[in-house]
Amino acid sequence: MDDPKVEQYKAACRDNDVWGVFSIMEPNHEEGKPPLNTAIMIDNTGEIALHYRKLQPWTPIEPWYPGDLGMPVADGRKGSKIALNICHDGMFPELAREAAYKGANVYIRISGYSTQTQDSWIMTNRSNAYQNLMLTASVNLAGYDGTFYYYYFGEGNVYNYDGGMITEGHRNPGEIVTAEIYPALSDDARKNWALENNIYNLGNRGYVGYPGGKTENYLTWIRDLANGEYKLPWDDEVRIEDGWKYYPDGPQLGPWPDEYK
């Protein structure tokens with residue numbers, strides 16, 4: 001966090017009177033542990049407004065240490081309440097729900113996906129918005145980075161709180177995608193919608209059949225996760241779970257072991 005590049009990011013936001021989200025690699029203070037994949041949001045005065053560490057490194061082989069700061073939410077400008085997520089975290093509806101549950105009305109995702117995840121990129125950005133009455137603003141790497149042999153598809157997008165697309169980019173490196181958003185509309189929907197106010201209805205079930213609504217937890221996986229007992233019926237049959245065992249000296253770029261082919 002005290003790297004000179006972070007100071008450059010702070011200066012850029014301050015000099016241009018803008019807020020910015022930036023990706024950094026943060027050293028792990030635990031001896032022998034891999035680094036953390038981190039995003040920071042800097043306000044227009046050059047101060048860090050939000051510090052987040054990727055919670056779900058991509059299984060099986062992304063060598064980041066799992067984040068330990070949870071899903072922080074920070075006040076932005078003009079009524080926005082902002083949460084960040086990096087790449088694979090956006091595939092988890094539980095994390096989007098966590099952000100919304102803590103008050104976020106804007107969910108920003110920064111990513112480096114290539115073409116094999118293009119459809120799921122669009123689907124998850126849209127569903128994260130709709131299921132939580134929350135705006136999503138997502139940006140993805142575009143072009144080739146000289147490391148892998150596939151193309152990064154770009155296609156930054158902004159979805160409204162009802163899942164409707166506000167804007168979408170293309171596959172052009174250097175393209176700037178802009179949108180005008182109104183976080184207050186998300187707040188209004190959360191207060192005034194009925195049928196599709198799913199984030200509220202989840203914890204307040206069946207007002208007509210049960211006056212006041214049922215509020216107790218009825219979800220097995222939430223109970224088991226809370227108790228450290230999360231286990232799928234097919235847990236023992238999961239074949240690829242830890243890529244490190246294939247690479248004792250750390251993950252390498254090919255040749256892939258037979259198990260991966």
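**A lined pocket and an aromatic cluster**

Helix H2 (93-101), H3 and helix H6 (220-226) each supply at least two residues of the lining of the second largest pocket. The model discussed here is a predicted one. Among the contributors to this lining, H2 gives the most, with 6 residues. The volume of the second largest pocket is about 900 Å³. Its lining comprises 26 residues, of which Glu94, Glu98, Trp221, Ile222 and Leu225 are the closest to the pocket centre. Sorted by class, the lining of this pocket has 15 nonpolar, 7 polar and 4 charged residues.

Attention now turns to the aromatic rings. Across the whole structure, a search finds 5 aromatic pairs. In one of them, the ring centres of tyrosine 113 and tryptophan 121 lie 6.4 Å apart with their planes at 70°, so this pair is edge-to-face. The rings of tryptophan 121 and phenylalanine 153 have centres 6.0 Å apart and planes at 65°, and this pair is therefore also edge-to-face. The latter pair links distant parts of the chain, since tryptophan 121 belongs to helix H3 (residues 118-132) and phenylalanine 153 to strand E9 (residues 152-153), 32 residues apart. Through such ring pairs, Tyr113, Trp121 and Phe153 are joined into a cluster. Tyrosine 113 and tryptophan 121 are both buried, and phenylalanine 153 is buried as well.

Charged side chains also meet aromatic faces. Arginine 205 lies over the face of tyrosine 218, at 4.0 Å from the ring centre. Lysine 214 is placed over the face of tyrosine 210, at 4.5 Å from the centre of that ring.

Key
Residues numbered from 1 in each chain as written. Predicted model: local features only at pLDDT ≥ 70, side-chain atom pairs only at ≥ 80, totals over all residues. Heavy atoms only, no water. Phe/Tyr/Trp six-rings, centres within 6.5 Å; stacked < 30°, edge-to-face > 60°. Buried < 20%, exposed > 50% of the residue type's maximum accessible area, 1.4 Å probe, protein only. Helix = DSSP H or I, 4+ residues; strand = E, 2+ residues; numbered from the N terminus. Lys NZ or Arg CZ within 6 Å of the ring centre and 35° of its normal. 1 Å grid on protein atoms, 1.4 Å probe; cavity = no way out; pocket = protein on both sides within 12 Å on 5 of 7 lines; lining within 4 Å. Points joined across faces, edges and corners; volume = space filled by probe spheres on them. Nonpolar A, V, L, I, M, F, W, Y, C, P; charged D, E, K, R; others polar.
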